[in-house]
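Visitor: Please show me the model, and let me ask what the words used for it mean.

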Amino acid sequence: MDFLRPTTWEEALAAKADQPEALPVQGGTDVMVEINFDVRRPPALLDLTRVAELREWTVEDGGGCRVGAGVTYTTVIEELGGALPGLAQASRTVGSPQIRNRGTVGGNLGAASPAGDSHPPLLAAGAEIEVESRDRGIRLIPAEEFYLGVKRSALLPDELIRAVRLRAAGGPQYFSKVGTRNAMVIAVCSFAIALHPEDRRVGTGVGSAAPTPLRALEAEEFLRGELDWDAPLDPALARRFGELCAGAASPIDDVRGTAGYRRHAIGVMARRTLAWAWNDHLGRRAA
Amino acid sequence: MRVTFTVNGREEAVDGVWEGESLLYVLRERVGLPGSKNACEQGECGSCTVYLDGTPVCSCLVAAGQAEGRQVRTVEGLADGGRLDPVQEAFVECGAVQCGFCTPGLIVQAHDLIERVARPSDAEIREALAGNLCRCTGYEKILDAVRLAAARKSAGRPAAGRTPGQTVGQTAGQTAGQGTPGGEAAG
């Protein structure tokens, strides 16, 4: 096995282009588990922790945010809770303090597990994944096109994830997750919602309830047609939204939960998070 | 490959490290620091917690090569010469050690908590220790120990020397200086 340690982004891209089978490692919270348990023996590890720019984030005055692929969950929680509340809430539910000190949003994307906690808020917020290769330059991939299957993404073998780009929250955002305890839990299922009052749209993200994280598109369309942005939330409308979100899921039975439970829980979380977000929305307008 | 890093203030150059090896393995098997414990090897139990450049991490999930040039501090590096760190003292006094396997990780993690938060609430202590599992389930004494260490630290009072047979019990919400020796029996 080779251990590659680029110190600049250009070196990292060159290393990945020359050895496309090299496995990028950032916090190691997924990669090292696979190596420790002999599940994976990549020919090379590509350590990205020395590429300082990956740990940077920016929030521009116009609302554009860019979160480097090496930004840890701890940093998201401590520094980005205002601009990216949905992602920060999801980050708080990741593992334990030790895991959040090492684990990164970029690593979550690279692993592309359907249960990854970053994915639902990125989908709900309409994030784009910035990836780059030495030979073809930068591509921006919308989050909903990034996830292709269980632990499979649109990332090509010579590409690396450089950053996530998204807008600072224009409205309330919530993340909800079902698990057996409040720490060290891989999601049984999860749900994220983001209100976009500026274009009268609601974004959704469904986690751990299908081969990939996904948006509940029919549910989003339903709210786009039916939601009165100036009125209290109609409980019947919230219920229907929950049903449509549950319908978007295609879960399986596994050790963490049954398909039926997951589908039900997605419906409940969708209805609840919409109600929480709507309360905040009306509260902000009244304030 | 060779990995050179600083551990507990001493520079170590370790040869023959396999590229997929964890920092934990290097510490235990190559540097001779077995304080950090090897249990789950997947970041679930926290028994291998060490400081990496001042941040607590699970050393089983750090590739050894990632420690190149970095500062590592293990449980062995907390005591000041022959004098235990106040967190270690508190664990001893409160009987927060049963089989002892989880203790090194808990001590490093608790050490970090009270460095950052002068008077942690019970909720903050529980959150900070959420990634450290005690298979003996001795959590109450562990919480007692962290409360005691935090209270002493925020009072600026050095830990009392260990007195055999004497234990300290403290309950939630007690402020520094109110902890009275002899409150609770060691478990």
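Guide: Two residues are in contact if their C-beta atoms, placed from the backbone, lie within 7 Å. Domain bounds come from an automatic or database domain assignment. For chain A that assignment gives domain 1 (2–167) and domain 2 (173–286). By the contact rule, 24 residues of domain 1 of chain A touch 25 residues of domain 2 of chain A. This is a predicted model, in which local features need pLDDT of at least 70 and side-chain atom pairs count only at pLDDT 80 or more, while totals for chains, interfaces and linings use all residues. Residues are numbered from 1 along each chain as its sequence is written, and chains are lettered from A and ligands numbered from 1 in the order in which they are written.

Visitor: Which element supplies the largest share of the side of domain 1 of chain A that touches domain 2 of chain A?

Guide: That is α7(A), with seven residues. Helices (H or I, at least four residues) and strands (E, at least two) are DSSP runs, numbered from the N terminus. α4 (85–92), α7 (119–125) and β8 (147–149) of chain A each give at least two residues to this side.

Visitor: What classes of residue make up this side of domain 1 of chain A?

Guide: There are 13 nonpolar, nine polar and two charged residues. Ala, Val, Leu, Ile, Met, Phe, Trp, Tyr, Cys and Pro count as nonpolar, Asp, Glu, Lys and Arg as charged, and the others, Gly among them, as polar.

Visitor: How do you know whether the radius of gyration of chain A agrees with that of a compact globule?

Guide: The radius is taken over C-alpha atoms, and the globule rule is 2.2 Å times the number of residues to the power 0.38. For 287 residues the rule gives a value near 19 Å; chain A has 19 Å, so the two agree. Along the principal axes, the C-alpha atoms of chain A fill a box of roughly 60 × 45 × 35 Å.

Visitor: Why is B:C136 called partly exposed?

Guide: A residue is buried if 20 or more other C-beta atoms lie within 10 Å of its own, exposed if 12 or fewer, and partly exposed in between. B:C136 has 15 such neighbours, and therefore counts as partly exposed. B:C136 sits in the loop between α4 (122–128) and α5 (139–154) of chain B. Not counting residues up to four places away in sequence, B:C136 touches B:Q98 and B:C99.

Visitor: What share of chain A is buried, and out of how many residues?

Guide: Buried residues are 51% of the 287 in chain A.

Visitor: What makes a set of residues a nonpolar core?

Guide: The set must consist of buried Ala, Val, Leu, Ile, Met, Phe, Trp, Tyr and Cys residues joined through C-beta atoms within 7 Å. The largest one here has 134 residues, and A:C245 and A:I266 have the most contacts inside it. α5(B) gives the most to this core, with eight residues. Beyond four places in sequence, the contacts of A:C245 include A:F191, A:V206 and A:I266.

Visitor: Where do the two chains touch?

Guide: 24 residues of chain A are in contact with 23 residues of chain B. On the chain A side, α5(A) gives the most, with five residues.

Visitor: How confident is the predictor in chain B?

Guide: pLDDT is the predictor's confidence in each residue, from 0 to 100. The mean for chain B is 87, and 83% of its residues reach 70 or more. Over residues 161–187 of chain B, pLDDT stays under 50. Where pLDDT is low, the predicted coordinates should not be read in detail.
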